[in-house]
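Please read it with the structure open.

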Amino acid sequence: MKPKKRTTIYDIAEKLNITASSVSRALNNRSHVNSVTRDLVHKTAAEMNYKRNVLASNLRMGQSKTIGVVIPRINQNFFSNVIAGIEEATYQKGYNLIICQSNESHDKEIQCVNTLINQHVDCIVISVCVEGDNYDHLQNVIDHNIQLIQFDRVIDELETLKVINDNEQASMEAITHLIEQGYTRIALLEGPQTLNIFKQRKTGYLRALQKFNIAVEEELIIKNAWTKELGAEATRKLLSLPNPPDAIFASTSDFSALGVLDVATAMHVKVPSKLGILGYANEPFTELTSPSITTIDQFSNYMGKTIANLYFQENENKEVSITPKTISIKPKLIVRKSTRRKA
């Protein structure tokens, strides 16, 4: 069955044999429309199931009151919590969200951004995917005078508003914790070094080893182990070494750490006595595994609220151009059983 055409002010005008501008004035309760006409228009609009085009109305006032969000994966707790934080703050201001998922695809990310530009959103909030090294599509957002806010995974070269975590310091604290628990051969599962967050986490790992005079061993650093499957594959390789690690820092995500735990369990490697496991992001399942997984809380919901409030604050005075700035949120190490060898 063909869907019914949406009722417009022109349909109401035709039915009542008046002009569309008269219908518009009546629907907006303008004072110079007589009460009889106004009541008749409202009654007819209700009968014809007319719904006001809020987007068109907002655009006539120079804004859409809509914010677009582009994230790599919506099913990760970190990103869904960021969205929840953004929505909570934007709802209070009467704004709507359009949420897009890149699925870690550069081509899809470009498509998402172009769709949001065509939707005339006021702002695009993005955490970039792992693919690609060309960001012309983000420059295109700026060129269209649409506010661009980057978060978590950001492109440093683009001068925009940014909301990030102090990833380097968090990694240093994580490795320091492992060393204080007696671990000395600490492996690193790193993410794609094209992304700033994974470079920073690796830098924190290296700085912590240097601080405690522990030699860096290249065989203990596994590249691009950023999913559960890749984390598991990396762990099988590491635990098969003649001198295997006694701890693994899955700096990419808790999903990677879960892959580590699965392999350790299958190989009958006792956690935490023989192997410490530390993840990143504080996914809900980290409390439920056996043993529970030590991780790093990024305060994702607070990050979302910070992103939204930053947009509103920066746009309060439209006469002043927006100066690029970066807000850094300090993550927190959450110590659980997977690394607790000492009281």
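## The cavity

A cavity here is a set of grid points where a 1.4 Å probe fits but cannot get out, and its lining residues have an atom within 4 Å of a point. The model is predicted. By this rule there is one cavity of 30 Å³ or more. The volume of the largest cavity is about 190 Å³.

Its lining counts 18 residues. Gln76, Phe79, Arg153, Thr252 and Ser253 lie nearest the centre. Two or more lining residues come from each of α5, α9 and α11 (254-266). Helix α9 gives the largest share, three residues. By class, the lining splits into eight nonpolar, four polar and six charged residues.

## Salt bridges

How many salt bridges does the structure hold? The count is 11. One of them pairs Glu88 with Lys305, with 3.4 Å between the closest N and O atoms. Glu88 sits in helix α5 (residues 77-92) and Lys305 in helix α12, so to speak of sequence, 217 residues apart. Glu88 counts as partly exposed because its relative accessibility is 36%, between the 20% and 50% cut-offs. Lys305 is partly exposed too, at a relative accessible area of 27%.

Glu104 and Arg153 form another salt bridge through their side chains, at 2.9 Å from N to O. Glu104 is in the loop between β2 (96-101) and α6 (106-118), while Arg153 is in the loop between β4 (147-151) and β5 (161-165), so the pair ties together parts 49 residues apart in sequence. Both Glu104 and Arg153 are buried. Arg153 is also among the residues nearest the centre of the largest cavity.

Glu190 and Lys223 make a salt bridge with their closest N and O atoms 3.9 Å apart. The two residues are 33 apart in the chain. Glu190 belongs to the loop between β6 (186-189) and α9 (196-211). Lys223 belongs to the loop between β7 (221-222) and α10 (228-239).

Lys223 is exposed, because its 58% is over 50%.

## Gln298

Where is Gln298 placed? It occupies the loop between β10 (295-297) and α12 (300-314). Gln298 counts as buried because its relative accessibility is 3%, under the 20% cut-off.

The Gln298 side chain makes a polar contact with the side chain of Asn165, at 2.9 Å. Beyond neighbours within four places in sequence, Gln298 is in contact with Phe78, Asp152, Asn165, Arg201, Tyr280, Ala281, Ile329 and Pro331.

## Lys337

Lys337 lies in the segment after β12 (332-334). Lys337 is exposed because its relative accessible area of 53% is over 50%. Which residues does Lys337 contact, leaving aside neighbours within four places in sequence? They are Pro272, Pro291 and Ser292.

Lys337 and Ile296 are 41 residues apart in sequence. In space, their C-alpha atoms are 14 Å apart.

Key: Residues numbered from 1 in each chain as written. Predicted model: local features only at pLDDT ≥ 70, side-chain atom pairs only at ≥ 80, totals over all residues. Heavy atoms only, no water. Helix = DSSP H or I, 4+ residues; strand = E, 2+ residues; numbered from the N terminus. Buried < 20%, exposed > 50% of the residue type's maximum accessible area, 1.4 Å probe, protein only. Polar contact = N/O pair within 3.5 Å; in protein donor to acceptor, adjacent residues only side chain to side chain. Contact = heavy atoms within 4.5 Å. Salt bridge = Lys/Arg side-chain N within 4 Å of Asp/Glu carboxyl O. 1 Å grid on protein atoms, 1.4 Å probe; cavity = no way out; pocket = protein on both sides within 12 Å on 5 of 7 lines; lining within 4 Å. Points joined across faces, edges and corners; volume = space filled by probe spheres on them. Nonpolar A, V, L, I, M, F, W, Y, C, P; charged D, E, K, R; others polar.
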